[in-house]
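Opening the notebook on a new model. I'll jot down each thing as I look it up.

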Amino acid sequence: MKKLAAIGICGALAVAGLMASASTYAHTRFYGGVMIGGPVWVPPPVYYPPPVYVERVPPPVYIEQPRQDFWYYCQESKAYYPYVQSCPSAWMKVVPNTPAPAGYGPPQ
């Protein structure tokens, strides 16, 4: 600590002496400086990117619904609705091989 104080006092005296001598040379310029210690290197600040959160979404689950469309078959006339509009006995539900055309529903 004493060493640092002595260096500081010597530096102050050197600056005062330079200023006093500079006043005699009023038209000259003083280009100099006082450096106490060595060069100071400060590392740049460290950048930490924000954390990345990945939300895991479970894959969708597909549940096959039972078919809701049926063809209606009349055993007596051996034909399907809408080709036969009425059946003397009960209509028999038949699962179609192809999708039913739009607008065809159960008989009224």
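I began with the bridge partner of Tyr-73, and in strand 3 that is Met-92. Tyr-72 stands opposite Lys-93 in strand 3. For my own reference, strands are DSSP runs of E with at least two residues, helices are runs of H or I with at least four residues, and both are numbered from the N terminus.

Before going further, I noted that this is a predicted model, where local features need pLDDT of at least 70, side-chain atom pairs count only at pLDDT 80 or more, and totals for chains, interfaces and linings use all residues. Residues are numbered from 1 along each chain as its sequence is written, and side-chain values use heavy atoms, with hydrogens and water left out.

I found an open sheet of 3 strands in the order 2-1-3, with antiparallel pairing. Strand 2 and strand 3 are the edge strands, each pairing on one side only. Two strands count as paired if DSSP finds at least two bridges between them. Strand 1 and strand 3 have 3 bridges in the antiparallel sense, while strand 1 and strand 2 have 2 bridges, also antiparallel. On the strand 2 side, Cys-74 stands opposite Ala-79.

**Disulfide**

I searched the whole structure for disulfides (cysteine sulfur atoms within 2.5 Å) and got 1. The link is Cys-74 to Cys-87, with S to S at 2.1 Å. Cys-74 is in strand 1 and Cys-87 in the loop between strand 2 and strand 3, so the pair links distant parts of the chain, 13 residues apart. The angle about the S-S bond is 80 degrees, and the link of Cys-74 and Cys-87 is right-handed. Are the two ends buried or exposed? Cys-74 is buried at a relative accessible area of 0%, and Cys-87 is buried too, at 14%.

**Aromatic rings**

I counted 3 aromatic pairs in the structure. Rings of Phe, Tyr and Trp (its six-membered ring) pair if their centres lie within 6.5 Å; planes under 30 degrees apart are stacked, over 60 edge-to-face, and the rest tilted. Trp-71 and Tyr-80 are edge-to-face, at 5.6 Å centre to centre with 75 degrees between the planes. Tyr-73 and Tyr-80 have ring centres 4.9 Å apart and planes at 55 degrees, so I logged that pair as tilted. Ring pairs link Trp-71, Tyr-73 and Tyr-80 into a cluster. I also checked accessibility: Trp-71 is partly exposed at 27%, and Tyr-80 is partly exposed at 31%.

Most residues other than glycine have a negative phi, and most peptide bonds are trans. I went looking for exceptions. Lys-78 is not a glycine, yet has a positive phi of about 55 degrees. Lys-78 belongs to the hairpin of strand 1 and strand 2, which has 4 residues between the strands. At 65% relative accessibility, Lys-78 counts as exposed.

Then I checked omega. The peptide bond from Tyr-81 to Pro-82 is cis, with omega near 15 degrees. Pro-82 lies in the loop between strand 2 (79-80) and strand 3 (92-94).

Ala-90 is also in the loop between strand 2 and strand 3, and is exposed at 63%.

**Whole chain**

Last, the totals. The protein chain has 1 helix and 3 strands, in the pattern α-β-β-β along the sequence. Buried residues make up 7% of its 108 residues. The protein chain exposes about 10500 Å², of which carbon and sulfur atoms supply 65%; the areas come from the Shrake-Rupley method with a 1.4 Å probe, and for residues only the protein chains shown count as cover.

Terms used. Buried < 20%, exposed > 50% of the residue type's maximum accessible area, 1.4 Å probe, protein only.
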